[in-house]
Amino acid sequence: MKSVKFTHYFMAIAALAIIACKEKPAKIVANIAMASTTDTPLSKKEISSDFKQYWYAGEAEISSYKLEQARYGEMREGNAVLIYVTEPFHNTKQVKADQFHKNNIPVLKLNTTKNYLTGIYPYAIMSSSFYPVHNNQHALKLAFSSQEWCGQVYAQLNNRKKFDIVSHSYFESEGDQHITLQKHTLENELWNQLRIDPKSLPTGAIKVIPSLEYIRLSHKTLKAYSATATLNNEADISSYKITYPELNRELTINFKTTFPYTIESWTESFKSGFGSKAKIMTSTATKIKTIKSPYWKKNSNSYLPLRDTLGL
């Protein structure tokens, strides 16, 4: 009887997930390039009852952070938001599935936004990562965009035979690019993996493809870099640190040691500024508030006060 109950439970939740963030779809372009991931997935990791109850309740988890961001050799004040939610992912089209399909893969999606000012003009940054809840293969897709008054930058990674990446930039030297990379750990996916099972995070000497945000904003070559990763488990707050010697960069994510492993803060140290004035600076994000909400249903002006709850 228990297995039947969970089957009905997940069918109901799948229906909720399809409704979430769903608007009338545009006409599908017939000749779009489509290919499913050709990872050889490891055996599916069993999903705990705690995970099911927390992540399949028809709500997203929204966390706001006070952001102090290093940019152009100076510190900038702003905010960041992490939005985690589970949803069905169409493995062939590599998009959120509109309806049930036998090849759909359940994912834990993370949308990260950052907003801050550089002098007179604003930066608006968003990253998305789609990671299998069964924690048995690489992220299925990454996306990144940055908008500021000089122009826009956009990059997308799809998990196919290799990592298939397209990148567009207003800089002539970067322009329109289409490259493929051998598969290595993706920094972007680690933020999802941590929320599923921090003990499964890779440690020691590893190869990591840095976040699309860092690569594009620092104008570094998109490739895998040698890194060292450590996981420190403490009583209340644990930390996961990645050090990139070649990039003079270090990222530390601090999170609750117990489920649901909420991210409390993070720091990122890297060289900021130009030429001889460039120096190692540290960006920080400190949590303001975490709420659970079906936010896609709350788009009326009457819900604007909820942003005060998040300190935004």
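1. In this note a residue is called buried when its relative accessible area is under 20%, exposed when it is over 50%, and partly exposed in between (1.4 Å probe, protein chains only). By that rule K114 is buried, with a relative accessible area of 5%. The residue belongs to strand β4 (residues 105-118); helices (H or I, at least four residues) and strands (E, at least two) are DSSP runs, numbered from the N terminus.

2. The structure is a predicted model, in which local features need pLDDT of at least 70 and side-chain atom pairs count only at pLDDT 80 or more, while totals for chains, interfaces and linings use all residues. Residues are numbered from 1 along each chain as its sequence is written, and side-chain values use heavy atoms, with hydrogens and water left out.

3. The pLDDT, which is the predictor's confidence in each residue from 0 to 100, averages 88 over the chain, and 87% of the residues score at least 70. Over residues 1-35, however, the pLDDT is below 50, and this stretch has 34 contacts in the model beyond near neighbours in sequence, a contact being heavy atoms within 4.5 Å. Where pLDDT is low, the predicted coordinates should not be read in detail.

4. As for the overall make-up, the chain contains 5 helices and 16 strands, and 49% of its 312 residues count as buried. Among contacts between residues at least 6 apart in sequence, 51% join residues at least 24 apart.

5. What does the side chain of K114 meet at 3.2 Å? The partner is the side chain of E213, and the two are joined by a polar contact, that is, a pair of N or O atoms within 3.5 Å, where within protein one must be able to donate a hydrogen and the other to accept it, and residues adjacent in sequence count only if both atoms are side-chain atoms. Not counting residues up to four places away in sequence, K114 also touches others, including L67, Q69, Y123, W266 and E268.

6. The largest pocket has a volume of about 770 Å³. A pocket is found on a 1 Å grid over the protein atoms alone, as an open set of points where a 1.4 Å probe fits, with protein on both sides within 12 Å along at least five of seven lines, and lining residues have an atom within 4 Å of a point. Grid points are joined across faces, edges and corners, and the volume is the space filled by probe spheres set on the points.

7. Helix α3 (residues 187-196) has 10 of its 10 residues buried, so it is largely enclosed by the rest of the structure. Among these buried residues are E187, W191, R195 and I196.

8. Q152, in strand β7 (residues 151-159), counts as exposed at 57% relative accessibility. Its C-alpha atom is separated by 6.3 Å from that of Y170, 18 residues apart along the chain.

9. Some backbone values deserve a check, given that most residues other than glycine have a negative phi, and most peptide bonds are trans. The peptide bond from F259 to P260 is cis, with omega near 10°, and P260 lies in the loop between β14 (249-256) and β15 (263-272). Y261 is placed in the loop between β14 and β15 and has a positive phi near 55°; at 16% relative accessibility Y261 counts as buried. Y72, in the loop between β1 (60-71) and β2 (74-90), likewise has a positive phi near 55°, but Y72 is partly exposed, with a relative accessible area of 28%.
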